[in-house]
Amino acid sequence: MDAAAPLPATPAARVLVAGAGPAGMVAALELARAGIPSTVFEAGPRDGTRDNLVDIAPSTQDELSQMGLDDALAALQPVRMVTTHNAMAGIVHESDRGDALQPDASRGDASIDALLDSIRGQDPRAWGRVAIGTLEDALRGIAERDYPDLVELRFDTTVTAIGQDADTVRATVQGSDGSRQVVEGSYLVSATGGRSPLGVAAVPSGPTMEFVGARLPASRDTRTEVAREVGDGSRLTPRDQLALTIGLHGNGAVGHSMAWVQLDRPAGEVDPDALRQVVAERAAQVGLELPDADAVELVPVTVQLGGVDQAVHGRVLLVGDELQLPYFPNSTGANAGVVTARAAAMAIAAAAQGMQRGEDPSAVLAEHDARTVAGAQRLLELNRTSMDRALGAQAAVA
Ligand SMILES: Cc1cc2nc3c(=O)[nH]c(=O)nc-3n(C[C@H](O)[C@H](O)[C@H](O)COP(=O)(O)OP(=O)(O)OC[C@H]3O[C@@H](n4cnc5c(N)ncnc54)[C@H](O)[C@@H]3O)c2cc1C
């Protein structure tokens, strides 16, 4: 079948989606392509303000292209200059790789293997870079424009609990005014980025890495930095520019988006004045002047790897960051979210089509579960290798 052709329409009952981040939106859009209506509940407002920068792998661009999401791809900017934020994984984006994005809609199906190849640097095409809010806006805009009858977006609405029986899943949703409602669906895609409202969460394992991030103001030379990195800075939104500038300055060996400083103990155990001092030192190291060190917002972050051993719980399918604890130095979360959300939507579509033929949907869901857990495990192993390497390097310096 032509990879870009829409799946055959199925009169499946409405699917509920918790969370309108990249994973939730990709799930809703892939379901819409299969003719399946969904309602997406998003705790935040329509115009979220998240500004962390995400790198989008060539394989993820292929996936977005297969889904016909050219507008989402247009939001991406090719990564041009050599950056070091993936250095822990031994990945360097080289400047001669980034002349243009080359998404290819004919390449494969939703696949963690293609993503792993991209992360390991085995795909020579350009990565894309964008503020996550810009990507979300693009995906939400496509849903509103292209699928107004199939994707219902409900912002300022939090899924507080999930219940289910053999045929139906029920979500208790709460509006920002405190009003509650119980909504029914055939399946629920849980894409909240953390603990699922079902009550399950990725299990942390292994060592932790402690960071403190400094949310820094954009520097005066934003445009120069942007132009160096993506060539044509004029296409970027102010949010992208801010994220990009912060990202550039924070591009050490320990992540980006803010000026991350790795600590040898949790930030809460370090004297606040000492914390400000290490942040100021780090800023100076990357050539950034802090206007007022006391006014800089410090964000403590503990990174610990972890995952789930079950991605399907009855009629609830976990996707995105719910499947594994995010590990931002390795920059794979949004990419994995696209892969897992798409695969979940395809599994729901296949289950619905099978039911029309009188087949039991549980076999399709069991296969999706096994494949998703195995894929998440492989990604986790890659992240673990990067973390071990980073912790080893830290020990060597000490
Ligand atoms: C500093 C930083 C840098 C990063 N860099 C990269 C990178 O370069 N590349 C990359 O691929 N990834 C990167 N990531 C990770 C990436 O941002 C996440 O992996 C990705 O956003 C996960 O997508 P998601 O849709 O699963 O969850 P999220 O993006 O967390 O979205 C979840 C959504 O659900 C909503 N929500 C939460 N609870 C509920 C509820 N109960 N009911 C309704 N809605 C709810 C939230 O408001 C949110 O909008 C980075 C992350 C950070 C913090």
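Trainee: In strand 8, which residue is the bridge partner of Thr-157?

Mentor: This is a predicted model, in which local features need pLDDT of at least 70, side-chain atom pairs count only at pLDDT 80 or more, and totals for chains, interfaces and linings use all residues. Residues are numbered from 1 along each chain as its sequence is written. Strands (E, at least two residues) and helices (H or I, at least four) are DSSP runs numbered from the N terminus. In strand 8, Thr-157 is bridged to Gly-175.

Trainee: How many bridges join strand 7 to strand 8?

Mentor: A hairpin of four residues joins strand 7 to strand 8. Ile-162 stands opposite Ala-171 in strand 8. The two strands, with strand 8 covering residues 169–175, run antiparallel, and the bridges that join them number seven.

Trainee: What is the average twist from one strand to the next in the sheet 7-8-9?

Mentor: Three strands form this open sheet, with antiparallel pairing; two strands pair if DSSP finds at least two bridges between them. Strand 7 and strand 9 (180–185) are the edge strands, each pairing on one side only. From one strand to the next, the twist averages 25°.

Trainee: At what angle do helix 1 and helix 9 cross?

Mentor: Axes are lines fitted to C-alpha atoms, for helices over the stretch in contact, and angles run from 0 to 180 degrees between N-to-C directions. Helix 1 passes helix 9 in a right-handed crossing; a crossing is right-handed if the near helix is turned clockwise from the far one by less than a right angle, and left-handed if anticlockwise. The two axes come within 8 Å and cross at roughly 30°.

Trainee: How many charged residues are in the contact of helix 1 with helix 5?

Mentor: Residues of helix 1, including Met-25 and Leu-29, meet residues of helix 5, among them Glu-136 and Arg-140; contact requires C-beta atoms, placed from the backbone, within 7 Å. Ala, Val, Leu, Ile, Met, Phe, Trp, Tyr, Cys and Pro count as nonpolar, Asp, Glu, Lys and Arg as charged, and the others, Gly among them, as polar. The contact has nine nonpolar residues, no polar ones and, in the charged class, two.

Trainee: Which helix supplies the largest share of the shell around the ligand?

Mentor: The shell has 14 nonpolar, 15 polar and three charged residues. Helix 1, strand 3 (53–56), strand 7 (157–164) and helix 9 (333–356) each supply at least two of its residues. The largest share, four residues, comes from helix 9.

Methods:
Two residues are in contact if their C-beta atoms, placed from the backbone, lie within 7 Å.
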